[in-house]
Each structure stands twice: as C-alpha cells, then as structure tokens.
Amino acid sequence: MVVMTRKRRTYTPQFKAKLALEALREERSLSEIASEHQLNPNLIRKWRDELADNAENVFNTKKAIKEQKRREEVLEAERDELLKAVGTATVERDWLRRIYKKVSAGQEPPRVGQE
C-alpha cells in the first residue's frame, strides 16, 4: 500500500483578494470560480467573507501603522523593564548564594554593603 501525501497549498494575499472580489461581484457563482481555479467553493466563500468583514481596514492603513508602532514601543518598554528586573533578581540571587555558602561553612555572614 502506497500512501501519497499532498503538500498543503498556500495562496498569496493578491490571489485571495482577486478571487474574493470576483465572488463579491457575483457575476459568476462560487462553484464556477472554484472549479476554474481547482479550489473548494467554501474556501472562496471564506475569503469573500473575510474581505467583506475587514474592508474598512483598507482605508485606515496610516492610522493602523501608527497604532501598531505605538503598541510595539509599549511592548519594547515593558520588555526592557522585565529584563532589568531579571538582571537585578539574578544579581541578588547570586549574592544570596554566596552568603548561604559562607553561612553553611560556619563563617560569619557579611553585612550589607560589605563582602
């Protein structure tokens, strides 16, 4: 028995938009468009609905880009704060390990600021 696997096809956004717009025009049925391109009509229906649901975003590109940049800046600032906190915690952990080793060995622990 030979099992043949078919590689999953991917489609460019331009191709999806072209077929979705063609489906929105309703000059031909979804089945006709799908059979011409050897696709399932449900896939074209999905692309058509997705285009219709997100059509307002086409005209908000500058605003969307600014909003995305703002979100990225906020995330970058949060990331920097977290890295700083991790660095501080690492230094404190290492200091506590050294103190613990000294105390475990019977030595007097150093006072804060002395070591």
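Phe15 is partly exposed, at a relative accessible area of 22% (buried is under 20%, exposed over 50%, partly exposed in between, with a 1.4 Å probe and protein chains only). This is a predicted model, in which local features need pLDDT of at least 70 and side-chain atom pairs pLDDT 80 or more, while totals for chains, interfaces and linings use all residues. Residues are numbered from 1 along each chain as its sequence is written, and side-chain values use heavy atoms, without hydrogens and water.

The rings of Phe15 and Trp47 make an edge-to-face pair, because their centres are 6.2 Å apart and their planes stand at 80°. Rings of Phe, Tyr and Trp (its six-membered ring) pair with centres within 6.5 Å; planes under 30 degrees apart are stacked, over 60 edge-to-face, the rest tilted. Phe15 sits in helix α1 (residues 13–25) and Trp47 in helix α3 (residues 41–53), so the pair ties together parts 32 residues apart in sequence. Trp47 is buried, at 8%.

## The aromatic cluster

The whole structure holds 3 aromatic pairs. One of them, Tyr11 with Phe15, is stacked: 5.5 Å centre to centre, 20° between the planes. Tyr11 is partly exposed, at 23%. Tyr11, Phe15 and Trp47 form one aromatic cluster.

## Where α2 meets α3

Helix α2 (residues 30–37) packs on α3 at an angle of about 115°, with the axes 8 Å apart. The two are therefore roughly perpendicular (65 to 115 degrees). Leu30, Ser31, Ile33 and Ala34 of α2 contact Pro41, Ile44, Arg45 and Arg48 of α3 (heavy atoms within 4.5 Å).

Key. Helices (H or I, at least four residues) and strands (E, at least two) are DSSP runs, numbered from the N terminus. Axes are lines fitted to C-alpha atoms, for helices over the stretch in contact, and angles run from 0 to 180 degrees between N-to-C directions. Angles under 35 degrees count as roughly parallel, over 145 as roughly antiparallel, 65 to 115 as roughly perpendicular and the rest as oblique.
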